[in-house]
Amino acid sequence: MDRTAFRIGEVASGAGVSVDTVRYYERLKLLPRASRSSGNFRLFGPESIYRVGFIKQAQEWGLKLEAIK
């Protein structure tokens with residue numbers, strides 16, 4: 001990824017999950033707390049897309065979110 005910041009919808013789309021899932025992972029602290037833009041949009045780093053993808057893959061393998069955390 002060449003960009004340094006992604007909005008929540010871009011993270012969700014890139015990882016194949018819903019925006020609510022990204023918010024949920026952030027609340028559970030599976031993702032680092034996103035910074036905010038001047039318009040108060042969440043801004044995630046490019047690693048967040050990979051992290052959400054990893055979490056979903058680990059769940060497919062049968063791991064619970066608490067174990068992934």
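User: Where do Asp-20 and Arg-23 lie, and how many residues apart are they?
Analyst: You'll find both in helix H2, three residues apart, or about one turn of the helix. (Helices are DSSP runs of H or I with at least four residues, strands are runs of E with at least two, and numbering starts at the N terminus.) Heads-up: this is a predicted model, where local features need pLDDT of at least 70 and side-chain atom pairs count only at pLDDT 80 or more, while totals for chains, interfaces and linings use all residues. Residues are numbered from 1 along each chain as its sequence is written, and side-chain values use heavy atoms, leaving out hydrogens and water.

User: What makes the meeting of the Asp-20 and Arg-23 side chains a salt bridge?
Analyst: The N to O distance is 3.0 Å. The rule asks for a side-chain nitrogen of Lys or Arg within 4 Å of a carboxyl oxygen of Asp or Glu, so the pair qualifies.

User: Is Asp-20 buried or exposed?
Analyst: Exposed, at 53% relative accessibility. The cut-offs are under 20% relative accessible area for buried, over 50% for exposed and partly exposed in between, with a 1.4 Å probe and protein chains only. Arg-23 comes out at 33%, so that one is partly exposed.

User: How many salt bridges does a search of the whole structure find?
Analyst: Two. Arg-42 is partly exposed at 21%, while Glu-26 has 11% and counts as buried.

User: How do you know which strands are the edge strands?
Analyst: Strands pair if DSSP finds at least two bridges between them. Three strands form an open antiparallel sheet in the order S1-S3-S2. S1 (6-7) and S2 (35-36) each pair on one side only, which puts them at the edges. S2 and S3 (residues 42-44) run antiparallel and are joined by two bridges, and Ser-35 has Leu-43 as its bridge partner in S3.

User: How many aromatic pairs does the rule give, and why is the pair of Tyr-24 and Tyr-25 called what it is?
Analyst: The count is one aromatic pair. The centres of the Tyr-24 and Tyr-25 rings are 6.4 Å apart and the planes are at 40°, so the pair is tilted. For the rule itself, rings of Phe, Tyr and Trp (its six-membered ring) pair with centres within 6.5 Å; planes under 30 degrees apart are stacked, over 60 edge-to-face, and the rest tilted. Tyr-24 is partly exposed at 37%, whereas Tyr-25 is buried at 2%.

User: Why does Ile-55 count as buried?
Analyst: Its relative accessibility is 2%, so it falls in the buried class. Ile-55 lies in helix H3, where Ser-48, Ile-49, Val-52 and Ala-58 are buried too. Leaving aside neighbours within four places in sequence, Ile-55 is in contact (heavy atoms within 4.5 Å) with Tyr-25, Leu-30, Leu-65 and Ile-68. Leu-30 is 25 residues away in sequence, yet 8.3 Å away in space, C-alpha to C-alpha.

User: What do the buried residues of H3 pack against?
Analyst: They pack against S1, helix H1 (8-15), helix H2 (19-27), S3 and helix H4 (65-68).
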